[in-house]
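Please open the structure in your viewer and keep the selection tool at hand.

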Amino acid sequence: MTGVYESPKPRINASMLAQYIGRPVSFVGRLEKVHPSGKALTLSDGEGKSASVELNDPLDEELSGIVEVIGMVSNKGTIMAVSYTQYREDKISFDLELYNEGLKVLHDFPQHYPFEVSLSG
Amino acid sequence: MWNQGKYGEASTGGYTQSPGGFGSPAASQGGDKKGRSRAQQIVPCTVSQLMSAVQAEDVFKVGEVEIAQVTIVGVIRNTDKSTINIQYKVDDMTAAPMDVKQWIDTEDMGVDNSVIPPGSYVKVSGNLRSFQNNRSLVAFSVRVLEDMNEVTSHMLEVVNAHMQQSKPQSMMVRLMGGGAGTNMMPTAHASMSSTGSYSGASMMLVNGLSANQNQVLSLIKSCHEPQGISMQDLKQKLSSMSVTVIRQIVDFLSNEGHIFSTIDEDHFRSTDNEA
């Protein structure tokens, strides 16, 4: 789904999933569970709420800690992920709660952090 | 050459008395001003802002903020190395990944020219360039993030930098739920901003309007027909916006005085007749 890569992918948390059904998003959360099949994950956001993520292909590596996924939000509110990125924490740990606060600021000021490109006149 | 006046002031025995600063004889000659008096700052931005920036001659502007040197933070999606440069595509989630070019300095042993692999988060510092309608960054630094909290801090720095440079507006904190169509909510914040204060100063962008509103307004402005542009045309050109949203935006722009209707409620012209 190359469409997702080329689109804006608003950063959201679990509470916002319902508002982004059918749209590409990026979601950063702590890995809570990996389904035995390796094709589904549960991530928790900075508010402690969970999101379900489904992968195209099963995981072929061990994931832990903070993971960022990008994908479309399904009708059921799960994220159909096209890719994931592990946030490194080898030197400094990632403050997920602070990221959640930052994310709220982005949504409060979309004019200063647009998740879209506007045509210049 | 010491300026006559300055020398006289300095006669009390200390060069340091002179307010001009004795260390800058060139400045006291007053000849060096050119057009370079604008402050060059490095501005944290999003890729979407860089892509949307308006270019007037060789100056780029995001809203009121003039940008030249910028920083972005994103993940590397693609790499391409040649003998003279490394090209990356950096994705910060706000738009399609941005082209970033880093020249390789083969002589400088102090610079690490190894390619950073895809999947790495980096901070890029560089200059915005536009070539044949294609925007890219020429980077003087591409640094791998060791502390992922820099992602969060960059997000906040971007909002802060762009907020400070805009005309003071009343704080817009209201979040509107339920409008699943657009995430821009044009009517919400536009109603808080003071567009009136700007009329003379900036011809290019009307500050205080959201990206969607600016898009609609630009289209209306670009039409030079006496009866203006029709709702049909707007719908056609703005395929990403629903009719309801376009109608909302048009109503707002009309209330604010940017546009007026002509032969009927479906034709609009801009009140700003610069073009």
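Predicted model: local features only at pLDDT ≥ 70, side-chain atom pairs only at ≥ 80, totals over all residues.

**The contact between the chains**

Begin by selecting chain A and chain B together. The contact draws 43 residues from chain A and 50 residues from chain B. Between the two chains, about 4,100 Å² of area is buried, and carbon and sulfur atoms give 59% of it.

Next, select Lys9(A) and Asp91(B). These residues form a salt bridge, in which the closest N and O atoms are 3.3 Å apart. The count of salt bridges between chain A and chain B is 2. There are also 13 residue pairs in polar contact between these chains, counting pairs with both residues at pLDDT 80 or more.

Now select, in chain A, α1 (2-6), β5 (66-73), β6 (79-86) and α2 (96-108); these are the elements that give two or more residues to the side touching chain B. The largest share, 8 residues, comes from α2(A). By class, this side of chain A has 20 nonpolar, 13 polar and 10 charged residues.

**Two loops of chain B**

Most residues other than glycine have a negative phi. Select Met93(B), in the loop between β6 (85-91) and β7 (98-103) of chain B. Its phi is positive, near 75 degrees.

Finally, select Gln132(B), in the loop between β8 (121-131) and β9 (134-144) of chain B. Its phi is also positive, near 50 degrees.

Which of the two is buried, and which exposed? Met93(B) is buried, with a relative accessible area of 0%, whereas Gln132(B) is exposed, with a relative accessible area of 67%.

Definitions and conventions:
Residues numbered from 1 in each chain as written. Chains lettered and ligands numbered in written order. Heavy atoms only, no water. Contact = heavy atoms within 4.5 Å. Buried area = accessible area lost by both parts, 1.4 Å probe. Salt bridge = Lys/Arg side-chain N within 4 Å of Asp/Glu carboxyl O. Polar contact = N/O pair within 3.5 Å; in protein donor to acceptor, adjacent residues only side chain to side chain. Helix = DSSP H or I, 4+ residues; strand = E, 2+ residues; numbered from the N terminus. Nonpolar A, V, L, I, M, F, W, Y, C, P; charged D, E, K, R; others polar. Buried < 20%, exposed > 50% of the residue type's maximum accessible area, 1.4 Å probe, protein only.
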